[in-house]
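Biologist: I would like to learn how to read salt bridges in a model. Where do we start?

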Amino acid sequence: MTAVVAGRPATASAPSRRKASRARSMSGSVLRTAALWSASVVLGLAVWSFLAWWYGPTTMASPTAVVSAAKELSDSGVLWSSIQASAGRILIGWALGVVVGAPVGILMGRIDIVRQLLDPYIEFFRFIPPIAFVTLAVVWFGIGETSKIVLIFYTSVFIVTVSTIAATVAISDNKLQAAANLGAGRFQIMKTVVLPSTVPGIVTGARLAMGNSFLTIVSAEIVAANAGIGSMIWQARNYGRIDWTFVGIITLGIMGFLFDRILRTVSTRFLGKYGVK
């Protein structure tokens, strides 16, 4: 009896020890990741500083020069207005591309006649870079916000459409047949089988489209824009400010990183039940 009672605390404490072990393992993993990130940043800054010293300030701005230029642009308000302008154009054009591309991709993946009708246009236009339409966009839509948003939409919609088509076509026939055998109609199959199965493909296409949107915004703003990161980079060229150019490039990288992180976090949190990771 005494042995049984004495053994209980050890048995009860086993889950606690496992939890503590997992917590220590996770903590160690986080610390290792943070250490590797810090080492990578320090190494990158060291290489950058060396290259700036080697080639000189007229060719490559040093980290300290870029920080000084960022402060200058921030104090004047140019940096923040440029970020706001570019971010707004990217988000609107990208969102429109996702809203249009996802349903078109599902329809093309599920209905053969729709795919046969639209596939030639998708395969033709998705290989033409948006920069080729910059002049036409300005002529057709003017130098205002519409032309930039249209170009972002153009670069996003085909990526989302193709990714959604692939996810729709990949749905197992057994799932569709099982739903039909259980009495589900077309609308129910679309709602309970097709849409949940295509969510990961739509999210993947949306993330890829977000990256391409940043590639397009610079060319669109260089041609016709008074504000935006692309416009700021072009003005840096005109004024011979290589440090401003570096500020614009780094700002685009930071914005893209943050946008993708936010999109991935939100998708995982709210769409994780559909297999989004």
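Modeller: Start with what a helix is here: a DSSP run of H or I, at least four residues long, numbered from the N terminus. Keep in mind that this is a predicted model.

Biologist: How many salt bridges does a search of the whole structure find?

Modeller: Seven. The test is a side-chain nitrogen of Lys or Arg within 4 Å of a carboxyl oxygen of Asp or Glu. Lys71 and Asp75 pass, at 3.0 Å from N to O.

Biologist: How far apart are Lys71 and Asp75 along helix α2?

Modeller: Four residues, so about one helical turn separates them. Lys71 is exposed, at 53% relative accessible area. Asp75 is exposed too, at 58%.

Biologist: Is Glu221 buried or exposed?

Modeller: Buried means under 20% relative accessible area. Glu221 has 0%, so it counts as buried. Its partner is Arg89, with the closest N and O atoms 2.6 Å apart. Glu221 sits in helix α8 and Arg89 in helix α3, so the pair ties together parts 132 residues apart in sequence. Arg89 is buried as well, at 4%.

Biologist: Which residue meets Arg207 in a salt bridge?

Modeller: Asp260, at 3.0 Å from N to O. This pair links helix α8 to helix α10, across 53 residues. Arg207 is partly exposed, at 27%. Salt bridges with shared partners also join Glu72, Arg241 and Asp243 into one network.

Biologist: What about helix packing?

Modeller: Take α3 and α6. Their axes come within 6 Å and cross at roughly 30 degrees. The crossing is right-handed. Its contact residues divide into 17 nonpolar, nine polar and four charged.

Key:
Residues are numbered from 1 along each chain as its sequence is written. This is a predicted model: local features need pLDDT of at least 70, side-chain atom pairs count only at pLDDT 80 or more; totals for chains, interfaces and linings use all residues. Side-chain values use heavy atoms; hydrogens and water are left out. Axes are lines fitted to C-alpha atoms, for helices over the stretch in contact, and angles run from 0 to 180 degrees between N-to-C directions. Helices (H or I, at least four residues) and strands (E, at least two) are DSSP runs, numbered from the N terminus. A crossing is left-handed if the near helix is turned anticlockwise from the far one by less than a right angle, and right-handed if clockwise. Ala, Val, Leu, Ile, Met, Phe, Trp, Tyr, Cys and Pro count as nonpolar, Asp, Glu, Lys and Arg as charged, and the others, Gly among them, as polar. Buried means under 20% relative accessible area, exposed over 50%, partly exposed in between (1.4 Å probe, protein chains only).
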